[in-house]
Amino acid sequence: MAEQSLPLAAHLRLHTHDVDEACRRVGNDLGVHGLRPVSSEVVLDARLNGVAFDGVALYSLGYGPEVLITPQPVESYLLVEIPLTGVAEVSQGRERIVSTPEFASVLSLTRPMSMRWAAGQESLIVRFDRAALEAHLGKLMGRTPRRPLTFSLGMDLTRPPARSWLGVVELLRREAETGGAMLEQPVALRQLEGLLMTQLLLAQPSNYSEALSGGHPRVAPTAVERAVDLIEARAAEPLTVEEIAEAVGVGARALQEGFRRQLETTPMSYLREVRLDRVRAELTVQDAGVTTVTDVAYRWGFVHLGRFALAYRRRFGESPSETLRR
């Protein structure tokens with residue numbers, strides 16, 4: 001392997017001919033794994049370059065001769081390996097692919113797997129912090145992921161969504177190789193990392209693809225009924241759609257769709273109407289000399305008094321103060 005053949009040459013992290021050292025040092029960045037040259041007569045020429053940011057890190061790696069790699073499950077991150085030269089046979093459970101420069105491998109690292117790198121293979125590897133990626137997934141879905149994120153093993157880099165994702169990877173790579181000013185701007189770097197995460201989640205099939213596309217299965221009427229009961233019982237609490245959905249065991253978007261289909265409204269609109277009813281019931285029995293509209297509105301979760309007064313008038317045909325005086 002030529003001295004400067006790998007990308008990110010200014011960020012050399014390892015160059016060794018020792019198998020144990022390569023296994024240990026590469027494992028520090030890319031996860032615990034077994035490493036063995038296919039032939040005992042060859043000399044390993046392991047080289048790792050890399051630069052880490054916040055939720056994303058970028059590496060280039062090559063071993064020289066043909067090697068067998070057996071990654072072990074890792075809870076803290078996921079990897080996308082993009083061959084720059086050569087091919088790799090990758091197996092995970094029943095999934096088996098041949099990874100090439102046009103077909104990357106996405107390693108969810110949720111269970112043991114094996115890889116066979118051909119002689120001379122060099123790869124660009126993107127490491128995603130799992131907690132950061134799953135938090136980003138939660139923001140896109142509007143709810144916290146309840147199961148670990150897992151991707152399909154193979155990524156076809158000739159498809160437009162994957163090409164777009166790869167374009168963001170190349171931008172980050174160029175910035176890292178040239179010491180680009182973007183990397184010195186925390187806000188810009190966070191946006192770039194966020195774009196990498198968004199593009200990966202949208203481009204690569206996963207166990208959350210259906211949720212991200214909005215294609216939720218229909219929720220049972222009983223789930224909507226439970227949500228209604230919860231809203232009625234806890235209307236004074238600062239409820240969110242995500243909290244209601246989690247309490248009844250469905251996704252936030254699925255619950256939204258269930259309310260639209262069954263009640264022709266949304267969970268938050270239903271909550272607002274319940275609160276308006278509770279405010280009116282309280283105003284009709286309170287003494288105007290003791291209670292104020294503001295106190296009652298705040299007690300039932302209305303923070304924006306102007307919006308509250310407008311919604312109240314639309315609903316009941318009079319202002320809250322008129323109800324209280326009457």
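Which residues line the largest pocket?

**View 1. The largest pocket of the predicted model and its lining.** The lining consists of M268, S269, L271, R272, R275, G301, F302, V303, H304, R307, F308 and A311. The space within this pocket amounts to about 230 Å³. Two elements, α9 (267–283) and α11 (305–316), each give two or more residues to the lining. The largest share comes from α9, which provides five residues. By residue class, the lining of the largest pocket divides into six nonpolar, three polar and three charged residues.

**View 2. Helix α11, with its buried and exposed residues.** This helix has 12 residues, and the distance from its first C-alpha to its last is 16 Å, close to the 16 Å expected at 1.5 Å a residue. F308, A311 and Y312 are buried in α11. Seen down the helix axis, the buried residues of α11 fall within an arc of 105°, so they line one face of the helix. The exposed residues G306 and R314 are carried on the face of α11 turned away from its buried side. The cover over the buried residues of α11 includes α9, α10 (293–299) and α12 (320–325). Just after α11, G317 takes a positive phi of about 75°.

**View 3. The largest cavity and the residues around it.** A search of the whole structure finds one cavity of 30 Å³ or more. The largest cavity has a volume of about 120 Å³. Its lining is formed by 16 residues, and L30, H33, I69, P71 and E81 are those that lie nearest the centre of the cavity. The elements α1 (19–30), β5 (67–71), β6 (77–85) and β10 (114–117) each give two or more residues to this lining. The residues lining the largest cavity divide into 12 nonpolar, three polar and one charged.

**View 4. Helix α6, with its buried and exposed residues.** Helix α6 (residues 221–233) has 13 residues, which should span 18 Å at 1.5 Å a residue, and its end C-alpha atoms are 18 Å apart, in agreement with that expectation. Within α6, the residues A223, V224, A227, V228, L230 and I231 are buried. The buried residues of α6 line one face of the helix, because they fall within an arc of 160° when seen down its axis. The face of α6 turned away from the buried side carries D229 and A233, which are exposed. Among the elements that cover the buried residues of α6 are α7 (241–248), α8 and α9.

**View 5. Positive phi at L8 and at E264.** L8, a residue other than glycine, has a positive phi near 60°. This residue lies in the segment before β1 (12–16). L8 is buried, with a relative accessible area of 1%. E264, likewise a residue other than glycine, has a positive phi near 55°. E264 belongs to the loop between α8 (252–263) and α9. With a relative accessibility of 73%, E264 counts as exposed.

Note on methods:
Residues numbered from 1 in each chain as written. Predicted model: local features only at pLDDT ≥ 70, side-chain atom pairs only at ≥ 80, totals over all residues. Heavy atoms only, no water. 1 Å grid on protein atoms, 1.4 Å probe; cavity = no way out; pocket = protein on both sides within 12 Å on 5 of 7 lines; lining within 4 Å. Points joined across faces, edges and corners; volume = space filled by probe spheres on them. Helix = DSSP H or I, 4+ residues; strand = E, 2+ residues; numbered from the N terminus. Nonpolar A, V, L, I, M, F, W, Y, C, P; charged D, E, K, R; others polar. Expected span 1.5 Å × (residues − 1). Buried < 20%, exposed > 50% of the residue type's maximum accessible area, 1.4 Å probe, protein only. Arc of directions from axis to C-beta. Contact = heavy atoms within 4.5 Å.
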